[in-house]
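Here is a short briefing to read alongside the model. Take a look at the structure first, and then let's walk through it together.

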Number of protein chains: 2
Amino acid sequence: MPHPASDCFISPSALLEQWQGHRRLTRRVIELFPDEQFNTFAVGGMRPFGTMAVELLRMAAPTVQGLVDGNWNTGVAGAPRSKAEVLALWDADTAKMNELWPRIPATRFQEKLTAFGQYEDLAYRLVLYVIDNEVHHRGQGYVYLRALNIEPPHFWER
Amino acid sequence: MPHPASDCFISPSALLEQWQGHRRLTRRVIELFPDEQFNTFAVGGMRPFGTMAVELLRMAAPTVQGLVDGNWNTGVAGAPRSKAEVLALWDADTAKMNELWPRIPATRFQEKLTAFGQYEDLAYRLVLYVIDNEVHHRGQGYVYLRALNIEPPHFWER
């Protein structure tokens with residue numbers, strides 16, 4: 001892994017490592033939901049965690065694909081899926097992201113792009129939005145698990 | 001703002017901008033809690049949002065101070081505080097972080113450090129942990145607000 005330049009907070013390869021660490025933790029949260037609650041249980045009128053997990057699938061790998069070649073249309077359909085389906089798609093996307101990420105041109109992260117045909121921003125901000133959105137909803141998943149009397153994983157386990 | 005080198009995902013100054021955007025959103029979430037629920041209301045046996053907010057105060061500005069000069073002991077006490085107290089400390093820390101951040105040596109983020117006398121890691125990972133922990137707990141605050149029938153701010157408003 002090349003050492004980044006001095007005026008750099010984090011390199012692209014280290015950022016992917018962070019992201020995949022978050023995705024491993026989110027995967028454990030998905031796994032901990034009982035099948036029958038995955039697409040039904042919620043607190044305060046919010047969406048079930050299964051719906052949030054499909055949203056995360058529709059953002060992560062498709063964003064990486066968009067950064068590689070400008071194709072923002074590779075997301076799965078937004079309809080609810082079983083936990084087993086979500087986990088299978090999750091694992092396929094993990095491999096896909098690892099394969100695609102090194103193909104993103106080095107200067108791409110500082111370019112202004114339009115993601116998914118509507119979100120115009122600097123590429124690094126688009127990526128951070130996707131990661132932050134995952135951390136945000138996973139935190140909500142922790143509350144759902146606690147409300148179901150299930151102990152969530154430690155936040156620092158990646 | 002200098003343009004970062006090509007093998008860089010995000011520059012230190014842009015990272016601070018992201019972080020302060022998150023902190024502005026978290027501040028709005030704190031503000032939305034009714035005073036009487038801030039340190040009492042919780043879901044699933046978890047901590048009240050007031051306790052989480054004090055934890056965030058104990059991590060953010062003290063981490064920046066530690067990155068500047070190795071002093072990891074500038075955090076406030078962990079005892080519960082009123083919403084007004086937390087907001088006042090929050091604003092003081094926003095200014096402090098903006099002032100301290102540019103004083104972090106440019107190569108510091110790639111160094112291995114021991115934060116708060118016990119967490120040994122690369123500095124950029126320590127910083128991301130603090131930010132991710134804030135996003136995680138703020139997501140939980142969103143659930144608490146919804147359970148209290150209060151509409152949280154849009155996630156993308158920073």
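Helix α4 of chain A covers residues 83-100; helices here are DSSP runs of H or I with at least four residues, numbered from the N terminus. Its 18 residues should span 26 Å at 1.5 Å a residue, and the end C-alpha atoms are 25 Å apart, which agrees; the expected span is 1.5 Å times one less than the number of residues. This is a predicted model, in which local features need pLDDT of at least 70, side-chain atom pairs count only at pLDDT 80 or more, and totals for chains, interfaces and linings use all residues. Residues are numbered from 1 along each chain as its sequence is written, and chains are lettered from A in the order in which they are written.

**The side of chain A that touches chain B**
- 35 residues of chain A are in contact with 35 of chain B, contact being C-beta atoms, placed from the backbone, within 7 Å.
- α5(A) gives the most to this side of chain A, with 13 residues.

**Confidence**
- Chain A averages a pLDDT of 96, on the predictor's per-residue confidence scale from 0 to 100.
- The model scores ipTM 0.96 and pTM 0.96.

Conventions: Helices (H or I, at least four residues) and strands (E, at least two) are DSSP runs, numbered from the N terminus. Two residues are in contact if their C-beta atoms, placed from the backbone, lie within 7 Å.
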